[in-house]
Amino acid sequence: MKIVFITGLSFFMSLVSWLTPKQEETKIPLCHTSGNDMSVMAADPAFQRLHEAPLPFTYTGAGEMVKFSTPDGQSANGFLLKAKKPSDKWLLVYQEWWGLNDNIKQQSETFYNDLKDVNVLAVDMYDGKVATEPAEAGKLMQGANKDRLGSIMKGAIAYAGPKAEFASVGWCFGGMLSLQSAILEGKQAKGCVMYYGRPEQDVEKLKTLETDVLGIFGSQDKGITPESVKMFEENMGKAGEKVTVKMYDAGHGFANPSNPIYNKEAAADAYKLALSYLKGKLKA
């Protein structure tokens, strides 16, 4: 009887185990591999959950929208805060994955007010589209064509002119673009700040940089992991390039005041660090 009971219990437990759905471990695609990472990451629900919907905000400051030509025969847009005096110093600002929203315009004005005689251009990388929900932003980032993104950046660089001296800054999606922009700027590049953006890991591409890089990241970031940041540092070393990394005890998107997980203390310190760096690079 005891044998029959044990056999029956074993069968019952096996049946329950088989019927119970297995929870799969949430994995976010690695941010340092080659290929179409950006699209894969944007489509992944786990990565989307790292970005809570931004709090409502309306920008009411200065600046104007401008249009410029792009090498692919189209045109692109940007939000421009022009230096009060004629200047060849430019700060290119790159949006988060939400798009060129009012928060990015506000941040652009903050840099503009704190830098002296610098033109600040926030580049519209989504051709006018702006998302307010993570799934929507994921679709926009997933649908962003790499060639088009490059063409928009080249158009912005050309808009500033051949005498322009550039520094760039961006967050998340824009952090990645800030680094790519610095590569495209060639000898016109003077500085690059990237907030928790996917690092370029191709050593040969990194060798073409004409500026050092300031990287600002979060140790709790599950998308742009500390491991991928460490690999970036190693690859910059292999390329003979200089990178300064500041790692905060914070998560992805911690510096965005419209983000519900905004870390005020870390964001303030990061901005102070970024501003000091940009002032030195642009002599502003």
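**Close-up views of aromatic and cysteine sites**

**View 1. An aromatic cluster joined by ring pairs.** Trp171, Tyr195, Tyr196, Tyr248 and Phe254 are linked into a cluster by ring pairs. The model shown is predicted. With ring centres required to lie within 6.5 Å, the structure contains ten aromatic pairs.

**View 2. The pair formed by tryptophan 171 and tyrosine 195.** The ring centres of tryptophan 171 and tyrosine 195 are 5.7 Å apart, and their planes meet at 35°, so this pair is classed as tilted; planes under 30 degrees apart would count as stacked and those over 60 as edge-to-face. Tryptophan 171 belongs to strand β5 (residues 165-171), whereas tyrosine 195 belongs to strand β6 (residues 189-195), so the contact ties together parts separated by 24 residues in sequence. Tryptophan 171 is buried, because its relative accessibility is 5% and the cut-off for burial is under 20%. Tyrosine 195 is likewise buried, with a relative accessibility of 2%.

**View 3. Lysine 246 over the ring of tyrosine 248.** Lysine 246 is placed over the face of tyrosine 248, at 5.3 Å from the ring centre. Tyrosine 248 is also one of the residues in the cluster that includes Trp171 and Phe254.

View 4. Cysteine 172 is buried, its relative accessible area being 5%. Cysteine 192 is buried as well, at a relative accessible area of 0%. A disulfide is a covalent bond that joins the sulfur atoms of two cysteines. The structure holds zero disulfides.

Note on methods: Residues are numbered from 1 along each chain as its sequence is written. This is a predicted model: local features need pLDDT of at least 70, side-chain atom pairs count only at pLDDT 80 or more; totals for chains, interfaces and linings use all residues. Side-chain values use heavy atoms; hydrogens and water are left out. Rings of Phe, Tyr and Trp (its six-membered ring) pair if their centres lie within 6.5 Å; planes under 30 degrees apart count as stacked, over 60 as edge-to-face and the rest as tilted. Helices (H or I, at least four residues) and strands (E, at least two) are DSSP runs, numbered from the N terminus. Buried means under 20% relative accessible area, exposed over 50%, partly exposed in between (1.4 Å probe, protein chains only). A charge sits over a ring if NZ of Lys or CZ of Arg is within 6 Å of the ring centre and within 35 degrees of the ring normal. A disulfide is a pair of cysteine sulfur atoms within 2.5 Å.
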